[in-house]
Structure formats: structure tokens, C-alpha cells
Amino acid sequence: MKTNISMHSQLMDLLRAYWNIAINCLQWGDTGKGKFVDLITYWADVIVRGRGGANAGHSVLLGDEEYVFHLIPSSILHDIDGKVSIIGNGVAVDPRILCDELALLKAKNQSYNNFMLALNAKLTLPTQIVRDRIVDKAGGKVVIGTTGRGIGPTYSDHALRIGLEINDLLNPDILAKNVRNNVTYSLKVLQGYDPEIIKDVMHHEHLSRGLYYHPKKIFDVDSIITRYLQFGEELAEFIQDTDSFVQAAVGRRKILLEGSQGALLDVDNGTRPYVTGTSTIVDGLAIGAGFNLHKHHVDLALGVVKFPYMTRVGSGPFPTEFGDRMSEEWCRDATQEKDLEQFATASTNDINEFSQGGAIRRLGREFGATTRRPRRTGWLDLPLLRYAMRWGSENVILTKPDVLDTCEQIKICTSYIYDGPDYRVGTRVLTKGTSLREATPMACVLEHCKPVYEILPGWQRSIRGIRHFQDLPPQLISVLNFVGAEAGIKPKMISVGPAAEETIIV
Ligand code: IMP
């Protein structure tokens with residue numbers, strides 16, 4: 001990786017005092033965390049993913065080609081330097097995807113000798129992928145807009161005590177018993193759904209194109225068990241008690257905890273019900289990586305914030321969205337190709353916000369790494385950021401301001417005016433006209449929140465060549481100061497372009 005030497009040494013100076021660093025996103029994911037995970041990997045000895053699953057995606061350069069990896073941490077590229085890459089206990093693992101990623105590394109002669117897979121990570125089954133894909137589109141209507149990777153059902157089955165763990169792959173009798181148990185439950189869930197739709201879904205590539213389909217029984221249990229035992233053989237050498245490894249490493253080796261998704265998608269504290277199936281805040285990440293929070297703590301939590309615009313994929317309220325409902329519907333149905341064609345000449349200063357949002361999507365390359373879906377775009381929302389910071393820290397990494405280099409005006413949402421029916425939130429009653437400085441994360445409140453904006457002048461010049469904070473345009477510094485004063489963030493790094501060297505250490 002090409003880095004700017006002075007930036008790199010400033011970064012190492014910034015991190016020197018720490019042992020355990022976590023990076024996670026303070027929005028709805030997709031904030032460009034991967035670049036910083038890569039940069040901080042130079043500092044780390046052990047890199048652990050603690051949550052999420054194949055719903056995430058990061059690009060990895062193997063030889064001259066770029067690939068999207070969903071499960072293996074990108075630190076695997078530093079395996080040769082002895083860095084340990086771990087998939088921790090909190091991750092939902094689809095073994096088909098993991099085995100494909102390992103096969104690709106092997107084909108590219110990329111070593112993965114120090115890779116470890118938690119024996120108690122959650123094992124995703126075909127039954128869970130089918131349920132995710134069918135139940136989220138009940139009646140042909142998208143409910144949450146999941147990534148269709150079986151994430152929600154993997155975690156819900158875990159909570160129902162009918163989920164499997166990676167270690168089951170190593171024990172044929174237990175695997176068979178637990179798969180059968182899960183199939184029995186899954187068939188009950190699928191009762192009432194159109195058998196033709198189930199058949200179609202089971203022929204999806206993520207379900208090995210019908211390998212697990214049985215025309216009478218829906219699930220071919222024997223073929224699931226046989227295939228999963230093969231996965232077990234392929235993965236056996238990596239399956240370990242990573243919790244014990246991580247706990248022994250604390251205080252002896254530098255540990256980087258790599259988050260997934262974002263705080264606003266956290267199952268407990270996010271903008272429910274439009275969230276993912278697991279805890280994505282920093283404490284959830286640390287537990288999923290193997291930390292015992294009573295004894296070990298994260299010394300530096302870096303929250304990644306896209307700035308000063310933001311994005312969301314899937315359904316759910318987004319008060320500052322450019323083009324409101326029109327944008328939500330467009331992004332739900334459009335493909336990347338169709339979107340790029342529609343907004344090919346749109347401008348970031350278009351008075352039509354829907355087009356302005358499309359231009360920002362094009363310039364920011366805002367398309368899902370996992371699903372290729374166009375991401376919904378909107379202005380930075382401080383009520384949501386203030387809320388997310390309850391679960392994170394004020395130390396932030398700001399990403400992608402360069403995408404707005406041509407904007408004449410920057411709008412920052414400072415508060416909301418509630419515009420819905422009377423709604424009780426604990427002892428408080430929201431009525432039309434109530435002003436909210438911090439977001440209430442319930443979807444039924446957020447969908448009635450109208451943003452109040454502060455309008456600031458844009459900087460209208462390229463910032464991509466800038467490497468020192470003091471050289472940033474004064475207008476951008478004013479926006480930073482404004483947001484710093486309003487939301488209490490303390491930027492530690494600012495990304496001014498996708499490349500590693502396009503980074504300012506503050
Ligand atoms: P699931 O995680 O596939 O169950 O999807 C639940 C919600 O989280 C949907 O709105 C997804 O679009 C969103 N989501 C899941 N993973 C990501 C991610 O990596 N980035 C952004 N959104 C995500």
C-alpha cells in the first residue's frame with residue numbers, strides 16, 4: 001500500500017500509547033472504515049472481526065485485481081508479516097463464502113497461516129438464508145431490505161437456542177442432530193409461503209443453485225449435512241478457542257477490533273426495526289471479539305462518520321434524505337447500472353434534491369459492496385450523530401468530504417421538528433412542533449421528523465491533494481468547527497480521497 005511517510009509516522013505516533021483499538025461506524029454502515037482498518041493494521045499484531053457476517057464487504061487487492069471479501073478480515077494480506085486475523089465468536093459465518101474466500105487466497109498464493117476462526121462463531125445454514133430472503137419480502141413487499149445473507153435468522157435462531165456453532169462442523173452426529181432440529185423449525189416458519197417462490201429462492205447462487213432443495217420436503221437434509229461436513233474438513237485447521245487466544249493477547253499484543261455495519265444498525269440501540277441482527281456498537285464488537293469487558297477495555301474507540309453527507313441502504317426512515325420517499329423507492333428498485341445512467345450528468349448543486357443525491361451517489365461511488373444496491377444519500381444528521389455517540393466515543397474519523405468538493409452550499413441538520421401524531425416516549429409526549437436535538441431511534445418517530453438545517457458555504461475546490469489540517473479550505477474548517485461545537489466530536493483523522501495517502505492526521 002502506498003502511504004504518505006509523514007502521515008504514516010504521525011499515525012503511528014497517534015496510536016503509540018494504545019493497546020486495544022476499535023474502529024466502528026457511527027452511522028448506518030458503509031462509511032469507508034476499510035481504509036482505516038488497513039492503515040491501522042500496520043500498528044496491530046492481532047486483528048479481530050467481532051460482529052456481522054457476509055452482509056459486510058470490503059475490497060481487497062490480490063495481485064492486480066480487486067476482490068470483495070465478506071468474512072475474512074482484510075488484514076489477511078499482512079499474514080506473511082505474522083499478523084493474526086481472527087473471525088470472532090460474534091460473527092455469523094456462512095461456510096460456503098468463507099471456503100470460497102480461502103480458496104481464492106490459495107489460488108493467488110496469498111498466505112493465511114495465521115488465520116483463526118472462533119469455534120463458537122455462529123454458523124449460517126441454508127435454512128436461514130431461505131428464511132431471510134423470503135420473510136423479508138413477505139407479500140412481495142420489502143420489509144427491512146436485508147442483504148439476504150441469512151444474518152437475522154442466524155442470530156434469531158441463536159437466541160431461540162436452535163442455532164448452530166462453527167464447532168458443530170467438527171462433530172458429525174451433533175451436526176446432523178442440530179441441522180435436523182433447525183430444519184424442523186424452519187419448515188414451520190415457511191408454512192404458508194408459496195412453494196414456487198421457495199423453490200426459486202433455493203435455486204439462488206447463495207444457496208448453491210438448488211443443491212439443498214428437495215421437491216417434496218423443501219430441504220434436502222442429507223445434502224445439507226454432507227456439504228457442511230465437507231466445509232468442516234476444509235475449515236478444521238482454523239477452528240480454535242479464539243476467545244482464550246484474544247484474552248491472553250490483551251496487554252501483550254496490539255489488538256485491532258474491526259467493526260461491521262454501524263451503531264445505527266445495532267439490534268438493541270439502532271433505528272429499530274430497520275437494523276441488523278446483532279450488536280454493532282463498540283461494546284458489542286469487543287464482546288464478539290472475545291473481550292471480557294470487566295477485565296479488558298478498548299483504549300481508543302474510533303467512530304467513523306461520513307461527512308458532511310451520509311448514506312443508508314435498505315428500508316427505514318432517513319430524515320435528511322435527498323429526495324425523500326422518491327429516493328428511498330428509487331434506491332430499493334434500481335440497479336447500479338440504471339442509477340449511473342439516470343444520474344450521469346446530475347450536479348451536486350442541482351436544485352432538485354433527488355438529482356443532487358444521485359450526483360453525490362455517483363461521485364462517492366455509493367453502491368453496496370455486498371448487494372450492489374444504490375445507497376440512499378442525505379445531509380449529515382446531527383440528532384442521529386449525537387444519539388449514536390451515546391454508544392461510541394467522541395474520537396472520530398471523518399470520511400469522504402472530498403465528494404462534496406463542488407458543492408456551493410453545505411447543509412447540516414442540527415435538530416428536528418416532530419410533525420406526527422401525539423406519541424409517548426416514556427414520560428414525554430411528542431406533539432406536532434416538538435423540537436428534538438437528539439434523535440429518538442424509533443422508526444415511528446423518525447419518519448415524522450423534519451430536519452432543521454444550518455446552511456454553510458461550500459469550499460468549492462479539490463481537497464484531495466491536502467495532507468495537513470491547516471491547509472484545508474477555511475469554509476471546510478468552519479463546517480468542521482460548527483459540527484465539533486454542535487455534536488462534540490473530536491476528529492482524529494480526515495480522509496480526503498480513497499487512497500491510503502489521501503489522509504490527514506489531526
Ligand atoms: P441484514 O444485516 O442483512 O439483516 O440487513 C439488515 C439491515 O442492515 C438492512 O437495512 C441492510 O441494508 C443493513 N446492512 C447490513 N449490512 C450492512 C452493511 O455492511 N452496510 C450497510 N448496511 C448494512
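Reply: Start with Pro273, in the loop that runs between strand S13 (255-258) and helix H10 (282-289). The model is predicted. A cis peptide bond joins Arg272 to Pro273, with omega at about 5 degrees.

The peptide bond from Phe307 to Pro308 is cis, and its omega is near -10 degrees. Pro308 sits in the loop between S14 and strand S15 (309-312). Now set that against the domains. Domain 1 covers 5-121 + 239-303, domain 2 covers 124-236, and domain 3 covers 309-505.

One more backbone detail belongs here. Asn109 has a phi near 55 degrees, which is positive although the residue is not glycine. Asn109 lies in the loop from helix H3 (95-107) to strand S7 (115-118).

Next, look at how domain 1 and domain 3 meet. Their C-alpha centres are 25 Å apart. On the domain 1 side, 37 residues make contact, and they meet 41 residues of domain 3. About 3100 Å² is buried between domain 1 and domain 3. Carbon and sulfur atoms give 66% of that area.

What about polar links? The elements giving two or more residues to the domain 1 side are helix H1 (5-15), helix H2 (33-41) and strand S14 (300-306). H1 supplies the largest share of that side, with five residues. By class, the domain 1 side holds 21 nonpolar, 13 polar and three charged residues.

How many salt bridges are counted between domain 1 and domain 3? The count is one. Elsewhere in this picture, the side chains of Asp30 and Arg375 meet in a salt bridge, at 3.4 Å from N to O.

Asp30 also takes us to the ligand. The ligand is surrounded by 16 residues, and the closest are Asp30, Asn55, Thr147, Thr276 and Arg373. An N or O atom in the side chain of Asp30 is 3.0 Å from a nitrogen atom of the ligand. Asn55 places a polar side-chain atom 2.9 Å from a ligand oxygen. For Arg373, a polar side-chain atom lies 3.1 Å from an oxygen atom of the ligand.

So much for the tour.

Terms used. Residues are numbered from 1 along each chain as its sequence is written. This is a predicted model: local features need pLDDT of at least 70, side-chain atom pairs count only at pLDDT 80 or more; totals for chains, interfaces and linings use all residues. Side-chain values use heavy atoms; hydrogens and water are left out. Domain bounds come from an automatic or database domain assignment. Contact means heavy atoms within 4.5 Å. Buried area is the accessible area (1.4 Å probe) that two parts lose on being put together, summed over both. A salt bridge is a side-chain nitrogen of Lys or Arg within 4 Å of a carboxyl oxygen of Asp or Glu. Helices (H or I, at least four residues) and strands (E, at least two) are DSSP runs, numbered from the N terminus. Ala, Val, Leu, Ile, Met, Phe, Trp, Tyr, Cys and Pro count as nonpolar, Asp, Glu, Lys and Arg as charged, and the others, Gly among them, as polar. A residue is near a molecule or strand if one of its heavy atoms lies within 4 Å of it. A polar contact is a pair of N or O atoms within 3.5 Å; within protein, one must be able to donate a hydrogen and the other to accept it, and residues adjacent in sequence count only if both atoms are side-chain atoms.
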